[in-house]
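Please examine the structure shown below before reading on.

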Amino acid sequence: MHFLLTALGTHGDVLPFLALGQCLTQRGHRVSLHAPEPFRLSAERAGLGFDPICSQAEYDRALIASDLWHPRRGIAPLFEMTVGVADRTARWIAAKAAEAPCLVVASPNALGARLAQDQHGVPVITVHVTPYLIESRSAAPWLPGIPVQALLPSRLRHWLGRGADRFVIDPAALPHLNALRSRADLPAVKRLRFWWNSPSRMILMFPAWYVPPQLDWPEQAVQVGFPMADQLGDAGELAPELRAFLDAGPPPLVFTYGSGMRRSAHFFAVAVEICRRMGRRGVLLAREEGQVPANLPADIIHLRYAPLSLLLPRSAALIHHGGIGTVAQALAAGVAQMVVPVAFNHFDDGRRLARLNIGTMLRQRAFTPGRAQRAIERMLGSPGMAAARAAAAARMAADRGAEAACDEIERVAGTL
């Protein structure tokens with residue numbers, strides 16, 4: 001069996017598929033990845049075949065779109081991008097399927113996978129790496145940019161999400177998608193977030209202790225654990241200068257605002273002031289030049305990337321945007337974490353951490369040095385939160401998310 005993996009997005013979206021691909025390759029399968037060009041080297045290091053879904057220039061243009069990181073307006077440019085490359089993915093899958101039998105493992109926003117399934121009958125498994133995209137009336141996800149959600153019942157949050165489908169997501173995505181389907185003599189899609197799930201199998205890559213399963217989830221859904229994939233990113237080990245920094249003093253505060261964020265200068269300026277006020281050392285992780293203040297003090301270091309699985313066990317706390325991959329790494333390390341959400345799933349995961357007493361969430365407007373300092377000190381000084389973090393780390397140590405997902409993928413392949 002030739003497994004075709006396709007994912008569109010930043011590190012948090014693509015690295016889980018690299019983990020799945022590496023696991024399947026180690027089991028003796030042939031695996032090809034269709035993802036943005038920046039992930040070519042990572043795919044090659046994992047032993048996967050690679051074909052780009054978009055160029056580096058297209059990827060960069062998408063990430064600097066003016067509204068992309070707005071809590072409400074970011075949905076439209078996101079889905080315009082995903083639909084814009086759907087035909088490329090469908091053609092890539094059709095070409096591979098013509099060469100040999102294959103099974104496609106796709107993220108929900110790799111819409112070309114579902115096109116290929118409908119048009120050519122290619123078998124597809126949809127993999128969700130964040131609970132934010134799983135609808136439920138009884139346990140609706142926390143929506144970005146909607147105030148006072150703590151006062152809203154779950155059913156009302158669910159219908160607000162349906163309203164986003166009707167007035168934002170579907171108008172941005174369906175005209176172009178249905179034009180592609182019309183040319184292939186396929187019926188029009190009426191609601192994107194229903195159609196994008198493969199009717200044969202969905203794999204949900206977040207454990208039941210973090211997101212309890214719901215009776216109204218799709219019946220084809222199978223829940224496994226988090227995929228731990230950070231060492232498949234830009235570097236597989238700590239840089240020598242970071243190792244030396246960690247060896248030279250007490251555990252630092254770690255700050256990151258995600259691999260895709262291009263407007264994080266304020267976040268890192270506040271981070272530097274937090275370290276100064278608390279008398280703490282700091283590690284700033286930012287890929288883009290110009291995001292971090294110049295002339296950092298000697299007790300703060302800046303790097304473009306570091307594997308969190310190696311860094312966080314040697315850290316005091318993590319302050320971040322709320323990406324699901326970053327959340328999982330902090331859970332595994334048992335480290336305190338504060339979410340300063342930007343858009344998309346960040347608010348939902350920040351809320352889940354707070355409800356589990358594992359971390360805290362501070363909205364961007366409230367992310368000031370004084371408020372952040374007090375919140376971090378409360379986290380670090382709370383015996384209850386420390387116990388909750390230790391329990392989560394123990395659960396994570398027993399988890400095998402990527403392996404369990406590959407077991408399910410092989411089971412589906414065995415039925416073809």
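**Helix contacts, enclosed helices and aromatic rings**

Helix H5 passes helix H6 in a right-handed crossing; a crossing is right-handed if the near helix is turned clockwise from the far one by less than a right angle, and left-handed if anticlockwise. The model is a predicted one, in which local features need pLDDT of at least 70 and side-chain atom pairs count only at pLDDT 80 or more, while totals for chains, interfaces and linings use all residues. Residues are numbered from 1 along each chain as its sequence is written, and side-chain values use heavy atoms, with hydrogens and water left out. Helices (H or I, at least four residues) and strands (E, at least two) are DSSP runs, numbered from the N terminus.

The axes of H5 (residues 86-99) and H6 cross at roughly 50° and come within 7 Å. Such axes are lines fitted to C-alpha atoms, for helices over the stretch in contact, and angles run from 0 to 180 degrees between N-to-C directions. H5 is therefore oblique to H6; angles under 35 degrees count as roughly parallel, over 145 as roughly antiparallel, 65 to 115 as roughly perpendicular and the rest as oblique. In this contact (heavy atoms within 4.5 Å), Ala-86, Thr-89, Ala-90, Ile-93 and Ala-94 of H5 meet Leu-111, Gly-112, Ala-113, Leu-115, Ala-116 and His-120 of H6. By class, the contact of H5 with H6 has 8 nonpolar, 3 polar and no charged residues. Here Ala, Val, Leu, Ile, Met, Phe, Trp, Tyr, Cys and Pro count as nonpolar, Asp, Glu, Lys and Arg as charged, and the others, Gly among them, as polar.

Is H6 enclosed or open? In H6 (residues 111-120), 7 of the 10 residues are buried, so this helix is largely enclosed by the rest of the structure. Buried means under 20% relative accessible area, exposed over 50%, and partly exposed in between (1.4 Å probe, protein chains only). Among the buried residues of H6 are Arg-114 and Gln-117. After H6 comes Gly-121, with a positive phi near 75°.

Helix H13 (residues 346-355) is also largely enclosed by the rest of the structure, because 7 of its 10 residues are buried. These buried residues include His-346, Phe-347 and Arg-352. The buried residues of H13 pack against helix H12 (324-333), strand E12 (336-339) and strand E13 (359-361). Just after H13, the phi of Asn-357 is positive, at about 60°.

A further helix pair is H10 (residues 265-278) and H14 (residues 369-381), which pack at an angle of about 60° with their axes 9 Å apart. H10 and H14 are therefore oblique to each other. Val-270, Glu-273, Ile-274, Arg-277 and Met-278 in H10 meet residues of H14 that include Pro-369, Gln-373 and Ile-376. The contact of H10 with H14 has 6 nonpolar, 2 polar and 3 charged residues by class.

How many aromatic pairs does a search of the whole structure find? The search finds 9. Rings of Phe, Tyr and Trp (its six-membered ring) pair if their centres lie within 6.5 Å; planes under 30 degrees apart count as stacked, over 60 as edge-to-face and the rest as tilted. Phe-255 and Phe-267 form an edge-to-face pair, 6.2 Å centre to centre with 70° between the planes. This pair links distant parts of the chain, with Phe-255 in strand E8 (residues 253-256) and Phe-267 in helix H10, 12 residues apart. Both Phe-255 and Phe-267 are buried. Ring pairs link Phe-255, Tyr-257, Phe-267, Phe-268 and Phe-367 into a cluster.
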